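I opened this entry to keep a record of what I looked up in one chain. The notes follow the order in which I went through the topics.

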Amino acid sequence: IRNTLMYSFGKIIFSLPLSIMLAIAIYECRVKWLRKTVQTLSYLPHFLSWVIMYGIILSLFSPSDGIVNDVIKMTGGKAVDFLTNAKAFPWLVIFSDAWKEMGWSAIIFIAALMGIDVSLFEAAMVEGATAVQRTWYITLPSIKPVIATVVLLRLGTILDAGFNQMFMLYSVPVYDVADIIDTWVYRQGLLEFQFSLATAVGVFKGIIGMCLVLVSNKLVKKISDTTIL
């Protein structure tokens, strides 16, 4: 449960701001070909399976011939086995998920940005507002309801830390920091044939997820007057 919550909250804390920043960057870009190129490249990883992503991650972070470790060794450091290092593995999981899903998640925010009245930006520019000020005082407040909705939906699946990703990346040396509820259920339910236990855990996850959605919905409603229930 600890690992599941750690990865779920870690993915929200890192992935959500990165998705928002990417959406704003694409929206603010005035070079048409560059905007389309960045959109395409950022969406592409979403459509790759974690089997393919594992191959890419291995080619980047392999201790023997990975590109990242080659750079570390060139600068005088020692190679790090990111996939079996208990301290590095959680960061690898969180940032690889952010890389894979960041572009796809940005689609929602780009759609929300398209609905902002352009006259607000024009008026702000006339008053001398900088790009940062326009983003802080116009862009972010305008898409705040969408951000709140996305957070609510993510909290409802807080106990789903990404079975496919973890199943491909984890190994025995990092079980202590990599084993999540779904991988544990897989071993207990399918490999050990404890189907009743696996079913009970599934019901437990559903109840906890529903409670989290209800509680977070009330909190978000008080903060931003936005609700999905």
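**Burial and fold**

I began with burial: of the 229 residues of the chain, 38% count as buried. Buried means under 20% relative accessible area, exposed means over 50%, and partly exposed is in between, with a 1.4 Å probe and protein chains only. The model is predicted, so I note that local features need pLDDT of at least 70 and side-chain atom pairs count only at pLDDT 80 or more, while totals for chains, interfaces and linings use all residues. Residues are numbered from 1 along each chain as its sequence is written, and side-chain values use heavy atoms, with hydrogens and water left out.

I then looked up the secondary structure and found 12 helices and 0 strands. Helices (H or I, at least four residues) and strands (E, at least two) are DSSP runs, numbered from the N terminus. Along the sequence the pattern reads α-α-α-α-α-α-α-α-α-α-α-α. The C-alpha trace spans about 65 × 50 × 25 Å along its principal axes.

**Salt bridges**

I counted a salt bridge where a side-chain nitrogen of Lys or Arg is within 4 Å of a carboxyl oxygen of Asp or Glu. The count comes to 7 salt bridges. Side chains of opposite charge can pair when their charged atoms come close.

Which residues does Lys205 join in a network of salt bridges? Asp160, Asp182 and Lys205 are linked in one. Lys205 bridges to Asp160 with the closest N and O atoms 2.6 Å apart. Lys205 lies in helix H12 (residues 195-224) and Asp160 in the loop between helix H8 (144-155) and H9, so this pair ties together parts that are 45 residues apart in sequence. The side chains of Asp182 and Lys205 also meet in a salt bridge, at 2.6 Å, N to O. That pair links distant parts of the chain, with Asp182 in helix H11 and Lys205 in helix H12, 23 residues apart.

Asp160 is partly exposed at 41%.

I also noted a salt bridge between Glu101 and Lys100, at 3.4 Å, N to O. Lys100 is buried because its relative accessible area is 5%.

**Aromatic pairs**

I paired rings of Phe, Tyr and Trp (its six-membered ring) if their centres lie within 6.5 Å; planes under 30 degrees apart count as stacked, over 60 as edge-to-face and the rest as tilted. The search of the whole structure finds 12 aromatic pairs. For Phe167 and Tyr186 the ring centres are 5.1 Å apart and the planes are at 75°, so I recorded the pair as edge-to-face. This pair links distant parts of the chain: Phe167 is in helix H9 (residues 163-169) and Tyr186 in helix H11 (residues 181-191), 19 residues apart. Phe167 is partly exposed, with a relative accessible area of 36%. Tyr186 is also partly exposed, at 25%.

Ring pairs link Phe163, Phe167, Tyr170, Tyr175 and Tyr186 into a cluster. Arg187 lies over the face of Tyr175, at 4.9 Å from the ring centre. The rule here is NZ of Lys or CZ of Arg within 6 Å of the ring centre and within 35 degrees of the ring normal.

**Cysteines**

How many disulfides does a search of the whole structure find? I found 0, taking a disulfide as a pair of cysteine sulfur atoms within 2.5 Å. I looked up Cys29, which is buried at 16% relative accessible area, and Cys211, which is partly exposed at 39%.

**Surface and loop positions**

Val31, Trp33, Leu34 and Val38 form a nonpolar patch on the surface, with about 360 Å² of accessible area together. Val38 is in helix H2 (residues 32-43) and is partly exposed at 32% relative accessibility. Patches are made of residues with over 30% relative accessible area and no salt bridge; like charges are joined within 9 Å, nonpolar side chains (Val, Leu, Ile, Met, Phe, Trp, Tyr) within 5 Å. Areas come from the Shrake-Rupley method with a 1.4 Å probe, and for residues only the protein chains shown count as cover.

Is Ile143 buried or exposed? Ile143 counts as buried, at 0% relative accessibility, and sits in the loop between H7 and H8.
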